[in-house]
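Let us read this structure together, feature by feature.

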Amino acid sequence: MNMNFQNINLFVGGSTSGIGWECAKLFALKGGNVTLVSRNSQKLENRKSELFNNGSQNHMILALDYTDPTTLEINLDEFVRRNNISFDVIINNTGGPPGGLLHKADANELLNAFNMHLLSFHKILGITVESMKKRNYGRIINIISTSVKQPLNGLGVSNTIRGAVANWSKTLANELGEYGITVNNVLPGATNTGRLNEIINAKAKKLKLDESSILKQMANEVPMKRIAEPVEVANAVIFLASKEASYINGINLPVDGGRTKSL
C-alpha cells in the first residue's frame, strides 16, 4: 500500500514527543502537510525544523493549550482563518490525567480531564468538520487508551474520561460516515513515552520498588513480553488516516501487544 498523503493537510496533537511526534514524522515522509500542535512554541519550532520536507510541503506549527478549551477554540479558529486552511485529518492526542483511585479523586480532577480531552476535542471538531463535510472526505483519529476496553487499576480519572471520548467518537462515526468522514480510536497499551515513565515512577514510589522492576513487571503482562515503541502505535494511526482505510469506521483498535484480555 502506498498511503500517499500528498496535498493532505494534517492536524497532529501532542506532536513534540512520543506517539504524536512519530505520527508527524511518518505523515511528513509520506508527503503530507503537517501542522504540529502542542503547548510549547519553541519545541514546536525545533520539531518543525526536523520534519522531512520534499520542497513543496507546507508544515506549520500551532501552540494550543488543551486545558483551556475556550482559548483553544479562539486560537484554532484564528489560525484556520489566517492561513485559509482546511484540515483533512485530525489526530486528537494529548497527555493523560494524573493517576490515582477514582473514589479519592477531587471533582476538579474529573472536570480538568473532561476539559483537556473531551471538550477540547469537541472544540477542534466544531472548527474543522464543516470543511470536511463539504469535501466529502475526512479522518478523525483519537489516540486514547486500552482502558476503554479494560479499565486500568490506579487510573480512575483517566478510565472515566477515556471511556467518554470513546463513546463520543463512536457517535460521531455514526453521524459523519455519510459524508465520507471516518472516526476511529487507537488504543495504545504500555508504550515507551513520557507518560509511561510518570506511571512507572508513581508505582515505584507507592510500592517502594525500583523503576526497573516495575517496567519488567509491566512487560511481563504483555504476551509479547515487551513494551511498545511509539512508532509502532503511529503505524496504526497512519493506516487509519489513509485513503486505503476508507471503510474502517467507528472502531477501537488496541495496539498493546495482546495485553487487553477482552475481544
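**Reading a buried arginine, its helices and its cores**

Arg139 lies in strand S5 (residues 138-143). Helices (H or I, at least four residues) and strands (E, at least two) are DSSP runs, numbered from the N terminus. This is a predicted model, in which local features need pLDDT of at least 70, side-chain atom pairs count only at pLDDT 80 or more, and totals for chains, interfaces and linings use all residues. Residues are numbered from 1 along each chain as its sequence is written, and side-chain values use heavy atoms, with hydrogens and water left out.

Q: Which side chain of opposite charge is nearest to Arg139, and how far away is it?

A: Side chains of opposite charge can pair when their charged atoms come close. A salt bridge is a side-chain nitrogen of Lys or Arg within 4 Å of a carboxyl oxygen of Asp or Glu. Arg139 has none, although it is buried. The nearest side chain of opposite charge is Glu244, 7.4 Å away. Buried means under 20% relative accessible area, exposed over 50%, and partly exposed in between (1.4 Å probe, protein chains only). Lys and Arg count as positive, Asp and Glu as negative; His and the chain ends are not counted.

Q: What lies around the side chain of Arg139?

A: A polar atom of the Arg139 side chain lies 3.2 Å from the backbone oxygen of Ser242. Contact means heavy atoms within 4.5 Å. Leaving aside neighbours within four places in sequence, the contacts of Arg139 include Asp88, Met132, Thr182, Leu240 and Ser242.

Q: How many residues of helix H1 are buried?

A: Helix H1 (residues 18-29) is mostly covered, with nine of its twelve residues buried. Among them are Trp21, Glu22, Leu26 and Phe27. H1 reaches 17 Å from its first C-alpha to its last, close to the 16 Å expected. The expected span is 1.5 Å times one less than the number of residues. Just after H1, Gly31 takes a positive phi of about 95°.

Q: Which residues touch the most other members of the largest nonpolar core?

A: In soluble globular proteins, nonpolar side chains tend to be buried together. A nonpolar core is a set of buried Ala, Val, Leu, Ile, Met, Phe, Trp, Tyr and Cys residues joined through side-chain atoms within 4.5 Å. The largest has 35 residues; Phe11, Leu64, Tyr66, Leu76, Ile140 and Leu176 touch the most other members. H4 gives the most to this core, with nine residues. A second, separate core of 30 residues includes Leu26, Ile141, Ala234 and Leu240.

How values were computed. A polar contact is a pair of N or O atoms within 3.5 Å; within protein, one must be able to donate a hydrogen and the other to accept it, and residues adjacent in sequence count only if both atoms are side-chain atoms.
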